[in-house]
Every structure is written in C-alpha cells, then in structure tokens.
Amino acid sequence: MEKLRNKMALLDRIRLTEGAEFEYNEVAILDAYKAADENKASLAIKILSILGGLLAMLAFLAFLFVAGLYNSEIGMVAVGGLSIASAIAINKIYHKIILDTFSISIYITGFVLLAIGLSEMGLDENSIAMSIGLIALSALVITQNYIVSFVSILILNGSFLFLLLNTEVYDLIHVYIAITSFLLTYVFLNEAKIISATKKLAQLYYPIRIGVLISFIIGLSIVGKKGGLPLSQNYIWISSIVFISIGMYVVSVICKINGITAAKTKGMLYVFSFLILLSTLFSPAISGAMLLVLLCFLVNYKTGFVIGILALVYFVSQYYYDLNFTLLTKSILLMVSGVLFLACYLFTTKMLGNNEKI
C-alpha cells in the first residue's frame, strides 16, 4: 500500500505542476496496480516456471511417444499446432502466474512436436527453422505474457542461429552479434519511449529486454570460445569495431547525463574508454561484455548488470586460458589489465564525483 500511496502522490504532484489540463484515469491505474500486485513474481520465480515447464514438456513428450504418436507425422504436426494455439489462448484469456507453467509446457511441447513432425514429413531443415521462427514471431505479436514472450524471443533467436550454422556461413555470426548489440542498445536507452508508445509495447518491453540480452550473451559465447566454431581470425575484429563504436556512444551519453562539458575532461574520458575497448579488439566477447555492463549500469538494470559482470569474468578467463603464452606471461598480462582498469575506475570516479565543478 505504501508504494501505491507514493504513486498517487506522484500523480498529484504532476497534476499540480502541469495544471488543470493534466488528466489521468485513476480507476484504471488502481486496477492495473492491483492486478500486477496479485500476479507479482520475481525473475527467479519466472525462471523456475520455465524450468518446470521444460520438465513437464519432457514428461508429456515421453507419454506421447509411448502412446505411439511418433508413428504419425500428421498427428505430431496437428498436436503441435494445437498445443501452441492452446498456450497462446490460455495466456490471452487468463493472467495468472499459476497457469504459466502449464501454458509454457504445452507451448514448448508444441514447437518440439511441430519440428519433429515436419522433419518426418521430409521438409527441408532450413524451411522448418524459418517456419518455427515465424510462428514464434507471430506468437510474440499476439500474446504479451512475460514468459511466453521471453520463450518466443529465444525460439526466434534459436531459429536464426540454426539457419546460420546449418548453412555453414559461420562468419555471419558477426552480423548476428551486430544486430543484437544495436537492438540491445536501443532497447536499453529508449525504455521510456518504448513503454509510452503503445500498451502492447509496454507489456512486451521487459521480456524483450531480457530476451535480447540472453540472445546477445549467446552470440558472445560463440565468438568467445576459441575453436568453438571455425571462424576466420581475419574477421574476428569486426564485432569488436561494432562494440567500440557503440561503447563510445554510450560514454557520450554518460557524459551528457552527468553534465560533463569541459573539453579536457571529456577528451580524457574518451581516450581512456577507447584505449580499454581497443585492447580487446581481437576478443570481441570481452568488449561485448563491457558494453553490456556499461549499458546495465547506465539504466540501473541490476539483473543485467550481474549477468554482464559474470559474463565479463568468464570471457576474460576464457581468453587468457586460450592464449598460447606461458603462465608467467599470462600473469603479467592480467596484472597490467587490472592496473589499467583500476586507474580508469579511480579517474572516472573522481571526475564524476566532482562533476559539479566541471
């Protein structure tokens, strides 16, 4: 109730500031707040719902195969399509957390059965992937349920990656990473604009944010593991160039937000930031993780910030593990990198702490 009173007090202050022309639907706001409070669930609960849905899916698939459904390709396609449609219908009609596990289980089951059925019917793998991706995109447009939307984004992402890997054009992973990085930056820096655009986008914003973030991490994982894919080392720097460009733009946004206008201070911040990002030119996973940390810190997205920190630690460790240097050389490199980061932290802390003097 305290949060509700704070929201109403904020609206009163806005009304006094804007004058008599400011209008809002108090009843609708109260109804929306109560509905959100009744169905409130943390990210951990939503993740458990997804895991529970996966386990239920496996059990249901085992039952269907024991029952002999796999003998009928048409049956699998029909049951798969019906399962997807039923999951979407449930989430359009009902808005209860308790139904999420059930709906997500039949939703994922539907895609699995549909893919297997189409494969058994002799449809080309790439065509199956594109069909699955289009269905997931359609479901994303139709329903705004958090978990279903999140899973739809991951399925759409998986379909794109499957096409990329199945056609063996591995170096196009840089295009995938560039797209997800630009999309991630836009979503993070334009939260207010997206949420205020339409009611549907407001409901889709949070699953899109975490879905794009996970998709971005998946892309970084592919280029972050040396030898994971036969990527040409002649093009490995392409993703880093994208991250450096976006990173420098984010630094300019931070300078603007903190009121840093002095040319000397801004120049030193740009130089420090550029040198740090440039040092990761041949390890795009590290610069990508840095970009994620920077974005999440800027918008105060704690979940993403933790994910970014863990990713940064992992990719740095993986990079130094893959280096063909002696242990002593690796230790020196780590020490120098640590000193550089500490120097950057102290400098930026001092500059931002005294921004009123700048």
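**Helix H10 and its surroundings**

Mentor: Helix H10, residues 199–224, has 26 residues, and its first and last C-alpha atoms are 38 Å apart, close to the 38 Å expected at 1.5 Å a residue. The expected span is 1.5 Å times one less than the number of residues, and helices (H or I, at least four residues) and strands (E, at least two) are DSSP runs numbered from the N terminus. This is a predicted model, in which local features need pLDDT of at least 70, side-chain atom pairs count only at pLDDT 80 or more, and totals for chains, interfaces and linings use all residues. Residues are numbered from 1 along each chain as its sequence is written, and side-chain values use heavy atoms, with hydrogens and water left out.

Trainee: At which residue does the kink in H10 lie?

Mentor: The bend at a residue is the angle between axes fitted to the seven residues ending there and the seven starting there. In H10 a kink of about 40° is found shortly before the proline Pro207. The residue is Tyr205.

Trainee: How many aromatic pairs does a search of the whole structure find?

Mentor: Rings of Phe, Tyr and Trp (its six-membered ring) pair if their centres lie within 6.5 Å; planes under 30 degrees apart count as stacked, over 60 as edge-to-face and the rest as tilted. The search of the whole structure finds seven.

Trainee: Why is the pair of Tyr107 and Phe111 edge-to-face?

Mentor: The two ring centres of Tyr107 and Phe111 are 5.0 Å apart. Tyr107 and Phe111 are four residues apart in helix H5 (residues 100–120), and therefore about one helical turn separates them. The pair is edge-to-face because the ring planes stand at 85°.

Trainee: Is Tyr206 buried, exposed or partly exposed?

Mentor: Tyr206 forms an edge-to-face pair with Tyr205, with centres 5.3 Å apart and planes at 80°. Buried means under 20% relative accessible area, exposed over 50%, and partly exposed in between (1.4 Å probe, protein chains only). Tyr205, at 2%, is buried. Tyr206 has 37% relative accessibility and is therefore partly exposed.

Trainee: Over the ring of which residue does the charged end of Arg209 sit?

Mentor: A charge sits over a ring if NZ of Lys or CZ of Arg is within 6 Å of the ring centre and within 35 degrees of the ring normal. For Arg209 the distance to the ring centre is 3.7 Å, and the residue is Tyr301.
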